[in-house]
Amino acid sequence: MADNRYTKDHEWVRVEGDLATVGISDHAQEQLGDVVFVELPEIGRQVAKGDAMAVVESVKAASDVYAPISGEVVEVNEALNDDPSLVNSGAESGGWFCKLKLGDRAELEALMDAAAYREFVESAA
């Protein structure tokens, strides 16, 4: 998605107003394989950039999901509790993990845009 910003840990964030939607990249879900469980953060939790805030488990491995920016968790994607495979079918759309009330907008500047992230993934392959 063109408006998404990415971390080197393969999380994405999309900001709309003061809300930031967070998930893992399509590349990350491909590496994980079939997602079977997602542990979402608690609403009201304050996270700092880089904090482990969620867990995604697949048939291959369990991985932490790190906060790409600081903020307060104001919403979680409850649909993932019933259907964690949404991460596989729409990692950068319907498979989002949570929404954060934006803490420090300047933190977004350190994240990669879609083109830079694509280059990062290709160079690591």
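Guide: Let us begin with the word patch: a patch is made of residues with over 30% relative accessible area and no salt bridge, where like charges are joined within 9 Å and nonpolar side chains (Val, Leu, Ile, Met, Phe, Trp, Tyr) within 5 Å. A salt bridge here is a side-chain nitrogen of Lys or Arg within 4 Å of a carboxyl oxygen of Asp or Glu, and accessible areas come from the Shrake-Rupley method with a 1.4 Å probe, with only the protein chains shown counting as cover for residues. This is a predicted model, in which local features need pLDDT of at least 70 and side-chain atom pairs count only at pLDDT 80 or more, while totals for chains, interfaces and linings use all residues. Residues are numbered from 1 along each chain as its sequence is written, and side-chain values use heavy atoms, leaving out hydrogens and water.

Visitor: Which residues form the nonpolar patch on the surface?

Guide: V36, F37 and V59 form it, with about 280 Å² of accessible area together.

Visitor: Why does V59 count as exposed?

Guide: Exposed means over 50% relative accessible area, buried under 20%, and partly exposed in between; V59 has 59% relative accessibility, and therefore counts as exposed.

Visitor: And why does N77 count as buried?

Guide: The relative accessibility of N77 is 6%, so this residue counts as buried. Leaving aside residues up to four places away in sequence, N77 touches L40, G94, G95, W96 and F97, where contact means heavy atoms within 4.5 Å.

Notes:
Buried means under 20% relative accessible area, exposed over 50%, partly exposed in between (1.4 Å probe, protein chains only).
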